[in-house]
Amino acid sequence: MYREFSFPILQTSNSVFSSPVEIANILGETFQSVSSTASYNSRFLEIKRRAERTPINFSTRSFFPYNCDFTMTELKKALLQVHNTSPGPDGITYTMLRHLNPNSLSNILFLFKRVLKEHCFPSSRREAIVIPILKPGKVATDPLSYRPIALTSCFCKTFERMVNTRLVYVLEKEKCIFPLQSGFRKGRSTLDNLVFLESQIRDAFVKRNHLVSLFFDIEKAYDRTWRYGILRNMYDFGIRGNLPIFIFNFLAVRYFYVRIGHSSSLKCMQDQGVPQGSVLSVTLFNIHMSNILHQLPPSVRGMFYVDDLQVSCQGSDIGLIERQLQLTVNRLVKWCDQNGHAISPSKSSCVHFCRKHNLHPDPSIHIGNIQIPVVSEVRFLGVIFDSKLTFLPHVLYLRKKCEHTRSLNIL
């Protein structure tokens, strides 16, 4: 059960909101605006309008194994993989589903088969309850300071998990996802990205070279993912039949309510982006971003973990490195402009890894007319990398964190 708590007064440029219903509604409007079509720039809106005039037809007469009926084994496996999370609007929990008798499970399986075959996704399963959580270090009175945590139907997420297992299998088997894209893939983790970057830095030090790394921040990556772009990529991958048609219907129209204590907002629509709180969302996001690393020139290497993109270039000539990375940035910005994303220059960062003692200028790389800030250390996937690769800032950070953590301090 959701626990009631006191919520601070919210302020916008011209209004103050104090009652739970008012706060819920203004947060709902804020979350809705982030994922609305209006959040895209005019250049992409024209690209979007032209592209979406061509409908995507996933119908096929060919047989593909991923379109066959679901089995009881798949349903039971999906229920075994879940954790006890809060229920969605229907109030059904995973504990309830796991304790159903065989006849009830058979009925659920029959329903799931019909949804896949008849291409009819219940509209009530497209709704979510959103709980706003204040982001660390943000101003509590600003509606933009809150992160939406979506509670969706556990019943629907069980079905999504079954679909996701098949979809991931096809993507991996057909090598649709770039090898250096490691987020939420079997046998891959943040360690792949961290070790990859560290190996590059140490290799540069051994060769007495410079290595310049760029760490990009993609603004509202999940909320602005182009749904038609996901479907188009799936079509280009050769995926046809019931599975992609289900995903087409699944993405069609999404709604949510913001809950504050016992009060809820009016119904809000998530116009674009992948659904918050969905099992399929990460896979669908990976599908949409699957082409971004193909934009890198041969001299530049990079890795992608969900929405954390890092690219590096190594060499003895800092001027040449700067030109190669500027070319890379230009290509990435162009790709983002054509796919509905945007890279934030102020939240991105550049680190010049080098152990040379002679004086040399730091690289100057721009996104548009704004220079990417050059910093001496950066936090990447939970680890702080400094320009000399001593890891001293990371050790000091861990020490400070341990001192302020009550349970560890007792030890």
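**Entry 1: the surface patch**

A patch is made of residues with over 30% relative accessible area and no salt bridge, where like charges are joined within 9 Å and nonpolar side chains (Val, Leu, Ile, Met, Phe, Trp, Tyr) within 5 Å. A salt bridge is a side-chain nitrogen of Lys or Arg within 4 Å of a carboxyl oxygen of Asp or Glu. Accessible areas come from the Shrake-Rupley method with a 1.4 Å probe, and for residues only the protein chains shown count as cover.

I note that this is a predicted model, where local features need pLDDT of at least 70, side-chain atom pairs need 80 or more, and totals for chains, interfaces and linings use all residues. Residues are numbered from 1 along each chain as its sequence is written, and side-chain values use heavy atoms, without hydrogens and water.

I looked up Leu392, Val395 and Leu396. They form a nonpolar surface patch with about 280 Å² of accessible area together. Val395 lies in helix α12 (residues 392–403). Helices (H or I, at least four residues) and strands (E, at least two) are DSSP runs, numbered from the N terminus.

**Entry 2: the hairpin**

I followed β15 (residues 377–380) to β16. The two run antiparallel, joined by four bridges; strands pair if DSSP finds at least two bridges between them. Phe380 stands opposite Val383 in β16. Two residues lie between the strands, and Leu381 takes a positive phi near 50°.

Which way do the side chains of β16 point? Val383 and Phe385 point one way, Ile384 and Asp386 the other, and all are buried (under 20% relative accessible area; 1.4 Å probe, protein chains only). In a regular strand, side chains alternate between the two faces of the sheet.

**Entry 3: the whole protein**

I found 13 helices and 16 strands. Of the 411 residues, 47% are buried.

Methods
Buried < 20%, exposed > 50% of the residue type's maximum accessible area, 1.4 Å probe, protein only.
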